[in-house]
Amino acid sequence: MDISTLSPQALARACAEAMWKDDRATQHLDMKLDLEQVGPGTAAIQMRIDASMLNGHRTCHGGYMFTLADSAFAFACNTYNQRTVAQHCSVSFLAPAFENDILTATAREISRSGRSGIYDVVIRNQDGAHIAEFRGHARTIKGTLLPEANP
């Protein structure tokens with residue numbers, strides 16, 4: 001694949017597919033990446049809450065919601081074929097999630113300049129209720145997800 005001929009949308013999706021192939025944590029939690037919602041600086045991913053994800057209050061443990069948001073953030077900030085990692089992240093929990101809820105984390109780029117980026121992620125449940133807000137600060141590192149040209 002010669003990535004120089006890809007549209008920004010096609011490049012973003014190709015990067016997401018390359019990342020997905022090696023993302024064991026996201027796959028282990030049975031998250032579902034929505035390739036239709038992957039674009040330059042954007043991504044959406046879903047996760048069903050099962051009984052093993054509940055805390056002592058019988059609500060979803062915050063760490064799982066953070067992981068869902070972090071995965072959406074990772075896919076959004078890696079849409080430019082430049083390896084990018086989290087530098088700082090924070091989350092605010094607004095409402096509980098429960099067993100069998102289907103949570104969707106939707107990430108969007110707020111700012112991208114030089115090696116730094118800021119991304120916001122909103123988590124909603126299957127009814128559209130606003131469950132959490134996440135902000136991630138990204139930093140590019142050496143390397144690409146896709147080869148520059150196919151020999």
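Helices (H or I, at least four residues) and strands (E, at least two) are DSSP runs, numbered from the N terminus. By this definition, α3 gives the most to the lining of the largest pocket, namely six residues. The model is a predicted one, in which local features need pLDDT of at least 70 and side-chain atom pairs count only at pLDDT 80 or more, while totals for chains, interfaces and linings use all residues. Residues are numbered from 1 along each chain as its sequence is written, and side-chain values use heavy atoms, with hydrogens and water left out.

The largest pocket has a volume of about 350 Å³. A pocket here is an open set of points on a 1 Å grid over the protein atoms alone, where a 1.4 Å probe fits, with protein on both sides within 12 Å along at least five of seven lines; lining residues have an atom within 4 Å of a point. The volume is the space filled by probe spheres set on the points, which are joined across faces, edges and corners. Of the 20 lining residues, Met19, Ala74, Asn78, Arg83 and Thr84 lie nearest the centre of the pocket. Two or more lining residues come from each of α1, α2 (24-28), α3 and β3.

Helix α1 covers residues 8-22. Its 15 residues should span 21 Å at 1.5 Å a residue, and the end C-alpha atoms are 22 Å apart, which agrees; the expected span is 1.5 Å times one less than the number of residues. Buried residues of α1 include Leu11, Cys15 and Met19, where buried means under 20% relative accessible area, exposed over 50% and partly exposed in between (1.4 Å probe, protein chains only). The buried residues of this helix pack against β1 and α3.

Thr59 lies between β2 (42-48) and α3 (62-77) and is buried, because its relative accessible area is 14%. Beyond its neighbours within four places in sequence, Thr59 is in contact (heavy atoms within 4.5 Å) with Met53, Leu54, Pro96, Ala97 and Phe98. Ala95, in the loop between β3 (84-93) and β4 (102-113), is partly exposed, with a relative accessible area of 26%. With neighbours within four places in sequence left aside, Ala95 is in contact with His130 and Ile131. Glu36 sits in the loop between β1 (32-33) and β2 and is exposed at 61% relative accessible area.
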